[in-house]
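Me: I'd like to go through this model and ask what stands behind each label. Can you set the values against the cut-offs for me?

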Amino acid sequence: MCIRDSNISEHYDLSNDFFRLFLDPSMMYSSARWEGTDSLEQAQANKNDSLCRFLQLKPTDHVIEIGTGWGGWALHAVKKYGCRVTSLTISQAQHDLAVERVKAAGLADRITVKLEDFRDHQGSYDKCVSIEMMEALGHKYLPAFCASIGRLLKPCLLYTSPSPRDRTR
């Protein structure tokens, strides 16, 4: 186990029961969006929905999620947008609970949780989400992280539209 993997294990593998003491039912704690609510549960749902809208998720999309957490984002995205998600984690405790939650939700046909380092993963995906993984990685691993995203995403057509200012010239 490398130092980075050891750090993840020492933090996230403490105990799922420990994290349940202070997290909402989605088991998420980063980047909550508090607009219009004072509820942590709603703030996390706001964040998840914002990310899904930003990605313009469709039922035909297959998303790679780098950093599973406890499966909260994948469950939200699949329930509300019908996409498929393959989620990667190197935390045994998070993996086990995420798999349990996916099965309990009846979504094992739409969500795959893998105990695998993103650098080793092979596949081809329409979209990628990674919630606050860069902060956990640190600058040393950012080149590998970005290269992995580039390798895992399908080539896509980029489209741009002229701004209103450009049309007046």
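This is a predicted model: local features need pLDDT of at least 70, side-chain atom pairs count only at pLDDT 80 or more; totals for chains, interfaces and linings use all residues.

Me: Is Cys 52 called buried or exposed, and what makes it so?

Reply: Buried means under 20% relative accessible area, exposed means over 50%, and partly exposed is in between (1.4 Å probe, protein chains only). Cys 52 has 0% relative accessibility, so it counts as buried. Cys 146 has 45%, so it is partly exposed.

Me: Why is the pair of Phe 118 and Phe 145 called edge-to-face?

Reply: Rings of Phe, Tyr and Trp (its six-membered ring) pair if their centres lie within 6.5 Å; planes under 30 degrees apart count as stacked, over 60 as edge-to-face and the rest as tilted. Phe 118 and Phe 145 are 5.5 Å centre to centre, with 90° between the planes, so they pair and the pair is edge-to-face. The structure holds one aromatic pair.

Me: What makes this pair a tie between separate parts of the chain?

Reply: Phe 118 sits in the loop between strand 3 (111–115) and strand 4 (127–129), while Phe 145 sits in helix 7 (residues 142–152), so the pair links parts 27 residues apart in sequence. Helices (H or I, at least four residues) and strands (E, at least two) are DSSP runs, numbered from the N terminus. Phe 118 is buried, at a relative accessible area of 4%, and Phe 145 is buried at 4%.

Me: How do you know that Arg 119 lies over the face of Phe 118?

Reply: A charge sits over a ring if NZ of Lys or CZ of Arg is within 6 Å of the ring centre and within 35 degrees of the ring normal. Arg 119 is at 5.9 Å from the ring centre of Phe 118 and lies over its face.

Me: Which residues have the most contacts inside the largest nonpolar core?

Reply: A nonpolar core is a set of buried Ala, Val, Leu, Ile, Met, Phe, Trp, Tyr and Cys residues joined through side-chain atoms within 4.5 Å. The largest one has 20 residues, and those with the most contacts inside it are Leu 57, Val 63, Trp 73, Cys 83, Val 85 and Ile 111. Helix 3 (40–55), helix 4 (72–81), helix 5 (92–104) and strand 3 each give two or more residues to this core. Its largest share, six residues, comes from helix 4. Another core lies apart from it, with eleven residues, among them Leu 88, Phe 118, Tyr 125 and Leu 137.

Me: Why is helix 4 called largely enclosed?

Reply: Eight of its ten residues are buried, so helix 4 is largely enclosed by the rest of the structure. The buried ones are Gly 72, Trp 73, Ala 74, Leu 75, His 76, Ala 77, Val 78 and Tyr 81. Their cover includes helix 3, strand 1 (62–66), strand 2 (84–89), helix 5, strand 3 and strand 4.

Me: What does Met 134 touch, and is it buried or partly exposed?

Reply: Contact means heavy atoms within 4.5 Å. Not counting residues up to four places away in sequence, Met 134 touches Leu 142 and Phe 145. Met 134 lies in helix 6 (residues 133–137). Its relative accessibility is 44%, so it counts as partly exposed.

Me: And how many helices and strands does the protein have?

Reply: Eight helices and four strands, running α-α-α-β-α-β-α-β-β-α-α-α from the N terminus on. Of its 169 residues, 42% count as buried.

Notes. Residues are numbered from 1 along each chain as its sequence is written. Side-chain values use heavy atoms; hydrogens and water are left out.
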